[in-house]
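Hello,

Here is the structure I promised to pass on. My notes follow below it.

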Amino acid sequence: MVPSVPDLVIPGYSHLRLDLDARDFGSRQSRLRHFQFGHARGLVPLVTRRGRAALEHSPIERCCVASEAGRPGRRTWADFCELQGLPREFTLPGFTLAARYRAVGNGVHVGVARALAASIRDAVKPLGFRLCLCGCARMVSGRRTLATDACKKRMQRRRDRPGVTGPGSVTVDLSPGTDLVTPRAAGAPGPSRFPVTELAAAYAGGSPDL
Ligand SMILES: [Zn+2]
């Protein structure tokens with residue numbers, strides 16, 4: 001989704017906004033995509049990003065976009081597919097050239113999609129660890145509350161946004177033997193907000209049990 005899309009918060013569900021850059025998943029293009037994740041039991045998808053070390057000395061490629069077919073300096077179909085994590089020999093039979101570029105350009109980089117799918121399959125209870133307050137689902141340790149410089153900038157942008165109020169307080173049922181959490185926003189108009197980050201903060205403490 002595009003960055004300007006507002007947060008989709010569903011009452012009773014946790015809410016995480018994940019910013020995933022293809023460059024953190026083995027691509028030479030820097031391409032940021034935003035995903036929103038909610039879970040009725042507050043489970044957290046921990047997305048495993050790959051280091052950029054191997055890419056450090058390769059130039060950053062221009063972002064793949066849906067309109068690439070009509071742009072000057074269009075990259076070859078094989079190069080375009082490779083940048084999106086597809087095999088160079090990938091084909092889309094029956095599509096026109098423009099439609100092929102549009103389909104692949106609109107897609108999510110394969111490495112990002114795989115990492116996201118794996119994190120949802122293996123989603124965990126936010127127990128024994130803390131998550132970055134920005135909602136990116138990175139773990140933080142020690143006294144840190146934000147994982148990266150990008151997280152700090154993201155939080156700053158949110159603070160600077162006009163008319164933004166803080167999320168409502170969250171009630172968590174911590175009685176033993178239950179893994180159901182009961183969200184309840186206190187006194188806040190509109191849908192109750194139930195950020196997993198706050199839930200994780202409530203659960204914080206103890207040894208990691210991942
Ligand atoms: Zn973060």
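**What I found**

Of the twelve residues of α4, one is buried, so this helix lies largely in the open. Here, buried takes 20 or more other C-beta atoms within 10 Å of a residue's own, exposed takes 12 or fewer, and partly exposed is in between, with C-beta atoms placed from the backbone. Helix α4 covers residues 149–160 and reaches 17 Å from its first C-alpha to its last, close to the 16 Å expected at 1.5 Å a residue (1.5 Å times one less than the number of residues).

Please keep in mind that this is a predicted model: local features need pLDDT of at least 70, side-chain atom pairs count only at pLDDT 80 or more, and totals for chains, interfaces and linings use all residues. Residues are numbered from 1 along each chain as its sequence is written.

The protein chain has five helices and four strands, in the order β-β-α-α-α-β-β-α-α from the N terminus. These are DSSP runs numbered from the N terminus: helices are H or I with at least four residues, strands E with at least two. Of its 210 residues, 25% count as buried.

Cys81 sits in helix α1 (residues 77–83) and counts as buried because it has 23 C-beta neighbours inside 10 Å. Beyond its neighbours within four places in sequence, Cys81 contacts Leu86, Pro87, Arg88, Phe90 and Val104 (C-beta atoms, placed from the backbone, within 7 Å).

Ala137, in the loop between β3 (130–131) and β4 (139–140), is also worth a look. Its phi is near 70°, a positive value in a residue other than glycine. Most residues other than glycine have a negative phi.

Best wishes

Terms used: Two residues are in contact if their C-beta atoms, placed from the backbone, lie within 7 Å.
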